Amino acid sequence: MPSRRNKRKKLRAKNSTKKSPAASSRQAPVGTSASEAVTKPAQEDELDDWTAAWIETKAGNGVWGGRGRGGRGIQKRSIHGPVTDIVVEGVTLAFEANVLLERTRLMICRNRRYALIGPNGSGKSTLLRRLARGTLPGVPLSAKISYVSQELHGLSSETAVSTLVKSLEASENKRECEAKALIEEQSHLEDMLTPADGGEAVTEEEQGPLVARLCEISERLEALGVDDTTGEIRPEEHKKRAEEAKGRTQRAENILKYLGFPAKMLKNSTSTLSGGFKMRLALACACVGSPDVLCLDEPTNHLDLPGVLWLEKFLRKACPTVEEAAELKTKTTKKAAGTGKQRDVGIRDLKVKSILFVSHDKWFLDAVSTDTYVLDPRTKSLTLHPHPYGEYVEMSQQRLKNKSRIFDKASKKEAKAQAAVAKAEANAIAAAKGGKGFDQNRVKSAKQMARKAERAGRFRSDGRRYKQNVLRKLDMSLVRRAEKVSAEELKEERNIKFKFPPVDAASLRLASASAPVISLENVACGYAIKVKDMRGEIKDAIRAVLKGVSLQVALRSRVAIVGANGAGKSTLLKVLTGDLSAVRGSVTRHRNLKIAIVAQHHIDALERHLDISPVDLICKSNTNVSALDARSHLGAFGLAGKLALKKIRDLSGGQKARVSISLVTWQKPHILILDEPTNHLDMRSLDALADALNAFQGGVIVVSHNQDFLCQVCTELWRVEGGTVLVRRGSNEETDAKARFESVFQAYAKTALER
């Protein structure tokens with residue numbers, strides 16, 4: 001492919017001042033401000049060779065594929081054509097000079113929900129952002145792609161209704177802008193086909209693509225309700241739009257009510273909404289234009305468990321498979337026939353054609369996904385598995401067992417061949433010293449055996465035959481080669497390890513491991529407020545958040561705290577740690593007890609230390625700590641080697657989370673409290689954290705919405721609801737404590753979903 005390094009500055013300047021009509025009609029990412037959706041930092045749009053060619057294609061004839069436009073093997077096609085399924089060959093992606101994807105394939109079909117998984121820092125969020133902004137080479141510009149980011153910024157003091165009304169207006173304006181751009185393009189193409197006197201006519205070879213593009217424009221204008229001859233909106237379409245504009249506020253209210261917004265919350269400022277309702281509003285804004293693809297980046301972050309369960313149900317309804325749509329239609333028809341009511345108004349406005357989402361909650365992934373994309377940073381590729389996440393995990397475990405078996409067999413064969421070579425060479429040397437003839441054939445035969453042994457362990461994952469030698473001139477990404485199992489690969493596929501420091505239980509002098517170290521008896525707690533009495537005087541009062549709370553925490557407790565946002569989970573944690581005093585009742589803590597808490601926004605607490613390394617942070621936060629001891633402690637949480645010396649600002653979200661956990665555990669606590677620890681951690685890190693917590697000798701209290709993580713760690717459920725705390729340990733019919741907890745948790749999840 002010809003190099004374009006000498007054109008990059010010119011292309012960057014052209015791209016910043018001249019945007020294609022189709023690109024401007026793309027849905028703005030939700031969760032960030034509208035301006036931020038268009039102008040992102042330059043390092044997120046690396047101007048590599050393919051991106052430079054993509055910018056040139058958008059500014060030129062709009063044909064992608066072939067040499068210099070995606071590379072060999074990429075079929076030529078118009079990037080402005082109508083969209084059914086998105087299929088992009090030769091996807092290449094770079095971020096901050098690091099290649100994340102190289103010559104891979106992306107396919108997004110209608111009525112499918114794709115889970116995108118991969119380790120922290122592999123480029124999942126970057127891929128979603130580039131896809132939504134239309135800067136991923138090869139993605140049709142006519143595709144409508146919405147994006148909801150991890151952090152829901154950009155929400156202002158406006159009400160939820162006015163925010164959604166603006167999104168409805170923006171969707172309508174985009175249709176008008178698209179129609180205007182298509183009319184201009186149509187006029188330009190017609191002038192090229194029928195030039196004025198003295199103008200240069202196009203060749204017959206060039207006429208084909210131009211005529212095809214004119215047909216595409218005509219079809220799109222027809223769909224937009226615009227007359228392709230006059231360029232004016234048809235009367236029936238004009239009437240329809242006027243009616244929609246008149247009832248836009250009512251339509252927004254209907255959508256929000258369908259999403260569970262209480263009537264009094266519709267007029268509240270969006271900045272006062274909880275995380276769950278902010279996510280619902282963001283989803284509404286993203287779905288009102290019926291996008292071709294809805295991209296969700298960790299949508300379960302900061303949601304409570306009822307919110308996660310609601311989101312699962314919503315996504316399955318918004319983008320059902322063909323089978324699910326038929327089943328849903330049957331149920332809706334029966335329900336309407338029985339009640340005489342029409343189906344919900346809101347769901348008709350919140351349909352999407354396909355979903356691509358990132359999450360680290362295994363239960364959420366399995367409940368929502370129909371297919372699974374795996375982003376592998378080692379091979380820099382995307383692999384599509386046409387199965388839900390749960391089935392993919394089972395197949396991956398079986399594949400890992402097969403690879404381990406192949407590797408063990410190949411290792412034995414190679415060792416046997418090497419031993420034969422060494423023996424043949426030793427016998428030959430001994431024979432030469434004894435005056436006998438040197439038998440070169442035996443040595444050659446042994447070396448030939450060793451070369452054959454090197455091929456042991458090669459296989460094809462699809463079970464087909466393969467060739468050992470390939471032509472070097474061919475594009476290696478297009479050649480079907482054999483795979484080779486290596487020890488490094490097997491080591492990387494296994495989970496990373498965390499290790500918590502030992503607990504000094506002797507300092508507590510407990511009678512038994514089940515003896516309580518924290519006890520709450522009939523506790524009431526709350527916050528001071530100002531109220532007016534009957535005479536109009538302002539006095540101090542206490543607003544009770546929790547009442548009648550009685551519970552105990554032992555050294556081997558494994559507690560999960562669940563409840564809706566605002567129910568009082570954080571208040572309960574403050575009472576346990578002593579940061580909030582009880583208004584009534586008694587709170588008893590062991591006098592030698594050490595408690596460490598990883599707060600919900602622990603990564604935000606690192607903002608003051610972005611320019612130092614994790615090693616320096618531990619040394620700075622504690623006295624008499626050597627750099628060697630700090631590095632050893634960080635290594636127990638997967639931050640070994642260069643990672644421990646990197647600046648914190650250069651670490652990924654998951655690596656920052658590990659820094660926070662390692663920092664609070666330096667003092668070797670007896671009780672560890674984790675408030676939403678699963679945010680920003682990938683699945684391998686979550687499994688490692690669960691294993692480490694199970695091996696931890698102290699007590700563990702976890703506030704989380706990650707169902708799989710809780711079931712791996714906890715044996716006791718505290719439900720914060722109705723102004724009190726309900727303690728559940730499950731029935732005694734099941735012998736395993738984890739199984740008892742899972743049954744209790746499933747019952748709670750079912751109740752929360754019904755509510």
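Helices here are DSSP runs of at least four residues, numbered from the N terminus. One such run is helix α10, residues 275-287, and Gly276 lies in it. The model is predicted, and every value below is computed from it.

Start with the whole chain. The protein chain has 24 helices and 21 strands. Of its 755 residues, 46% count as buried. Take the contacts in the chain with a separation of 6 or more. Residues 24 or more positions apart account for 73% of them.

Return to Gly276. Its relative accessible area is 10%, under the 20% cut-off, so Gly276 is buried. What does Gly276 touch, leaving aside its neighbours within four places in sequence? Gly276 is in contact with His302, Leu303 and Asn565. Pro306 also belongs in this picture: it sits 30 residues from Gly276 along the chain, with 8.9 Å between the two C-alpha atoms.

Now follow α10 to a helix partner. Two packed helices are described by the angle between their axes and the distance between the axes. For helix α6, residues 160-193, and α10, the axes come within 8 Å and cross at roughly 20°. Angles under 35 degrees count as roughly parallel, so α6 is roughly parallel to α10. The crossing of this pair is right-handed. On the α6 side, the contact uses Ala160, Thr163, Leu164 and Ser167; on the α10 side, it uses Leu281, Ala284 and Cys285. By class, the contact of α6 with α10 has five nonpolar residues, two polar ones and no charged ones.

Helix α11 covers residues 305-318, and helix α24 covers residues 737-754. Their axes come within 9 Å and cross at roughly 65°. Angles of 65 to 115 degrees count as roughly perpendicular, so that is how α11 stands to α24. The crossing is right-handed.

Pro614, Val615, Ile618 and Cys619 in α19 meet Ala627, Ala630, Arg631, His633 and Leu634 in α20. The residues of the contact divide into seven nonpolar, one polar and one charged.

Cys619 raises the matter of the cysteines. Is Cys619 buried or partly exposed? Its relative accessibility is 24%, which falls between the 20% and 50% cut-offs, so Cys619 counts as partly exposed. Cys714 is at 0% relative accessibility and therefore counts as buried. How many disulfides does the model hold? The count comes to zero, with a disulfide taken as a pair of cysteine sulfur atoms within 2.5 Å. Cys714 is in no disulfide: the nearest cysteine sulfur, that of Cys711, is 8.3 Å away.

Loops come next. Asn592 is found in the loop between β16 (584-589) and β17 (595-598). Its relative accessible area is 37%, so Asn592 is partly exposed. Leaving aside neighbours within four places in sequence, Asn592 is in contact with Ser507, Leu508 and His670. Asn592 and His670 are 78 residues apart in sequence, yet 9.3 Å apart in space, C-alpha to C-alpha.

Which loop holds Arg509? Arg509 lies between α17 (487-493) and β13 (516-532). Arg509 is not a glycine, but its phi is positive, at about 50°. With a relative accessible area of 78%, over the 50% cut-off, Arg509 is exposed.

Asn111 is found in the loop between β4 (98-108) and β5 (112-117). Asn111 is not a glycine either, and its phi is positive, at about 60°. Its relative accessible area is 32%, so Asn111 is partly exposed.

Technical notes:
Residues are numbered from 1 along each chain as its sequence is written. This is a predicted model: local features need pLDDT of at least 70, side-chain atom pairs count only at pLDDT 80 or more; totals for chains, interfaces and linings use all residues. Side-chain values use heavy atoms; hydrogens and water are left out. Buried means under 20% relative accessible area, exposed over 50%, partly exposed in between (1.4 Å probe, protein chains only). Axes are lines fitted to C-alpha atoms, for helices over the stretch in contact, and angles run from 0 to 180 degrees between N-to-C directions. Helices (H or I, at least four residues) and strands (E, at least two) are DSSP runs, numbered from the N terminus. Angles under 35 degrees count as roughly parallel, over 145 as roughly antiparallel, 65 to 115 as roughly perpendicular and the rest as oblique. A crossing is left-handed if the near helix is turned anticlockwise from the far one by less than a right angle, and right-handed if clockwise. Contact means heavy atoms within 4.5 Å. Ala, Val, Leu, Ile, Met, Phe, Trp, Tyr, Cys and Pro count as nonpolar, Asp, Glu, Lys and Arg as charged, and the others, Gly among them, as polar.
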